[in-house]
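Please look through the sequence and the 3D structure before reading on. The report below goes through the model topic by topic.

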Amino acid sequence: MNFLHLFKFSTFVLLVPLLWACSPAGKPVFNLSPSGNYAAALSQDGSLAIVSSSDGITLWDIPNQRAKYQWWQGDRRDNVIAVALSNNNQYAATLSSDSVALWQLSDGKSLGWWSLSGQAQCVAVANDGQLLVGSADASVFYLAAERQRLVKFLGHTEKVNSVAFAADGKLALTGGNDAKALLWRTADGKIIKQWATDSRVLTTAISPSGKLAFVSDSTGNAFIWDIAQQRQVSRLNIHTRLMNFTAVSFIQQEQQLLTGTPNRESQLWRISTGEKLGSWQVAIPPKPQPPGAVVYAVSQWGGNGIQAISSSGMLERWQHP
């Protein structure tokens, strides 16, 4: 059995009152967190961004360049290491090393806060508010807040680095240091497909339609799979040695893939062939911040536009053919 039921819970904890703030100036590029950030995510349609920084967690209305809500988790404002947004723009998840919180985006209310055993690493949220949390102890926590259900998936044997949901929350894709990517059903923990990689799996993603899966490892291998047919669609044509990905988004009706790396770069790929269509670099933040930038989040913007949020706190946009 890969699934272990832990316990049920009935008490939700409201974290903090909501705060409103002014947005910075700027049209094509603006600063979401001047002091830099620890984590960021963009919604699938590019209209929302969530950023974790030393000032707390901020949800941004991108078209209006306005901060909608500001939260913090527990007693600190600087402890959130990972964030996620649901594909339907209804929920946000925020993760510290030992707790996870769920937020409702229509009014900014907290829907729950849960303490976690082990050291949490990554988080995902589905369209109905279901949560996935990967942990350093090789476990994956699956939380269905509405049904007051918490379960533990035990399919991995080493640290889990990435978790992803199908939009409806019925399928999960997880990857870890055991060089495995596992596609499994959240209802019963049954593993549907296992992909072995050459090294640690660092990034996983499922397309909004639930048809495609993305898996990449630490040695620069990246694959796109057809979930229903369980066949490889393409392998990204990567020429850079040991390229790793820190952000992934399926765009243009799932014909293209947008990625980000720890080395300032954002790339566009053709899904059917794995061909690289374009590459851009995010700006280096001014001193005294480190002379580099991690791309935390990428998304489509308008017709042929793309946008990215980096560790510098900047949101930047480009056009592609």
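## About the model

This is a predicted model, in which local features need pLDDT of at least 70 and side-chain atom pairs count only at pLDDT 80 or more, while totals for chains, interfaces and linings use all residues. Residues are numbered from 1 along each chain as its sequence is written, and side-chain values use heavy atoms, with hydrogens and water left out.

Over residues 153–194 the chain is 55% strand and 0% helix, with the end C-alpha atoms 14 Å apart. Helices (H or I, at least four residues) and strands (E, at least two) are DSSP runs, numbered from the N terminus.

Asn 177 is placed in the loop between strand 16 (171–176) and strand 17 (180–185). Leaving aside neighbours within four places in sequence, Asn 177 is in contact (heavy atoms within 4.5 Å) with Glu 158, Lys 159, Asn 161 and Arg 200. Gly 108, by comparison, is 69 residues from Asn 177 in sequence and 35 Å from it in space, C-alpha to C-alpha.

## The largest nonpolar core

A nonpolar core is a set of buried Ala, Val, Leu, Ile, Met, Phe, Trp, Tyr and Cys residues joined through side-chain atoms within 4.5 Å, where buried means under 20% relative accessible area, exposed over 50%, and partly exposed in between (1.4 Å probe, protein chains only). The largest such core has 18 residues, and those with the most contacts inside it include Leu 95, Val 100 and Val 133. Among the elements that give two or more residues to this core are strand 8 (91–95), strand 9 (99–104) and strand 12 (131–135). In soluble globular proteins, nonpolar side chains tend to be buried together.

Not counting residues up to four places away in sequence, Val 133 touches residues including Leu 95, Val 100, Val 123, Leu 143 and Val 163.

## The largest pocket

On a 1 Å grid over the protein atoms alone, a pocket is an open set of points where a 1.4 Å probe fits, with protein on both sides within 12 Å along at least five of seven lines, and lining residues have an atom within 4 Å of a point. The largest pocket has a volume of about 1300 Å³. Of the 47 residues that line this pocket, the closest to its centre are Val 83, Val 123, Ser 162, Val 163 and Thr 246.

## Buried residues in strands and loops

Leu 42 lies in strand 3 and counts as buried because its relative accessible area is 12%. The C-alpha atoms of Leu 42 and Ala 308 are separated by 8.2 Å, although these residues are 266 residues apart along the chain. Gln 256 lies in strand 24 (residues 256–260), and it counts as buried because its relative accessibility is 16%.

Most residues other than glycine have a negative phi. Gln 65, however, has a positive phi of about 50 degrees although it is not a glycine, and it is found in the loop between strand 5 (56–61) and strand 6 (66–71). Glu 254, in the loop between strand 23 and strand 24, also has a positive phi, near 65 degrees. Gln 65 is buried at 13% relative accessibility, and Glu 254 is buried with a relative accessible area of 15%.

Definitions and conventions: Points joined across faces, edges and corners; volume = space filled by probe spheres on them.
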